[in-house]
Amino acid sequence: MKRSYIGVIILAAILMMNIVFTQYMVHQYYYENYVNVLIFGGLNIVLFPLAVLAYKKTINIRA
Amino acid sequence: MSDKNNKIPFNEDNYTHNIERNNERKLDRRGFMKTLVGAAGVFAVSSLPWGAVAAKELMGLGEKEYPHKKITDVSKLPIGNAVDFKFPGDHDDAILIRLSENNYVAYQNACTHLRCPVFWVKEQGEMVCPCHHGKFDVETGAPTAGPPRRPLPEIQVKVENGAIYAVRVKRYEA
Ligand code: FES
C-alpha cells in the first residue's frame, strides 16, 4: 500500500470524540450541570481546528 | 482571486476543483477525509446553541423563582388521583398526584426519554409513559423501567387555604 492511512485514523478518532462529547453535553444539559455543558461544547469546538490540522498535516504523507 | 488552481498540475487541495466528471462517484481517501473534517465542523457548530443556553442558565437565572401558581383545590382532588397542570410556563406539562391525605407529589411529566406525556396509573401505583413503556417511581420520579435514564424534574408544591400551589421546579442534586 502506497498511502498512509494515519490521517484517516486520526480523523475517525476525532469524530468518535465528537460523538462522545456531544452525547455528554446533551445529557449534562438535562442534568442541569451547565458548567459541564460548556466544557464539552468547548471541546467539540476545539476538535474542529484539530481536524483541519490533522487533514493538512497528513494529506501528503506517503508510507 | 488567486490563480493557485490554474497551475498544472493544479493544487487538488481545494473545495472548488475537486470533482472529476468521470469519477464523481468515487470517494477517495482525500474526499473521505474532507468529509470527516466537515463532520467535525458540523459537530462544532451544533454545540454552539447548547453552550449558549447553558451560559444563559449559568448567568443569574440559576435558581429561578416563578410566581406561585394555583393548581387545584384540595377538595377537588381525591386521594390517589392525579391532575394535569402547566408549570412553570404555559407549555410545560406537569402532573400532580395526591398519594395520601397530606402527601402530594408533582413532576414535569414530559418523559425524560423522548418527552411523551407520562401519566399516572392508580391501579399499579406508577407513572407510565405510553410511548415506549417507560416507568417512573411516583415517590421520587426516578425511572424504574424502560428507556428513560433521568428522573422526572420534581415540582415543589404547597398547600394553603385548601388550595394546592406549585412553588418551583427542584433542581437535580448530584
Ligand atoms: S418517550 Fe417515554 S419511554 Fe420513550
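Is B:Gln108 buried or exposed, and what is its relative accessible area? The legends below get there. This is a predicted model, where local features need pLDDT of at least 70, side-chain atom pairs count only at pLDDT 80 or more, and totals for chains, interfaces and linings use all residues. Residues are numbered from 1 along each chain as its sequence is written, chains are lettered from A and ligands numbered from 1 in the order in which they are written, and side-chain values use heavy atoms, with hydrogens and water left out.

View 1. B:Gln108 sits in strand E4 of chain B (strands are DSSP runs of E, at least two residues, numbered from the N terminus). B:Gln108 is buried, at a relative accessible area of 17% (buried means under 20%, with a 1.4 Å probe and protein chains only). Setting aside neighbours within four places in sequence, its contacts include B:Phe87, B:Asp92, B:Leu152 and B:Val169 (heavy atoms within 4.5 Å).

**View 2. Strand E4 beside strand E9.** In chain B, E4 (residues 103-108) and E9 (residues 154-160) run antiparallel, joined by 2 bridges (strands pair if DSSP finds at least two bridges between them). B:Tyr107 has B:Glu154 of E9(B) as its bridge partner.

**View 3. The open sheet of chain B.** Its 6 strands go E1-E10-E9-E4-E3-E2, with antiparallel pairing. At the edges, strand E1 (69-73) and strand E2 (82-86) each pair on one side only.

Methods
Helix = DSSP H or I, 4+ residues; strand = E, 2+ residues; numbered from the N terminus. Buried < 20%, exposed > 50% of the residue type's maximum accessible area, 1.4 Å probe, protein only.
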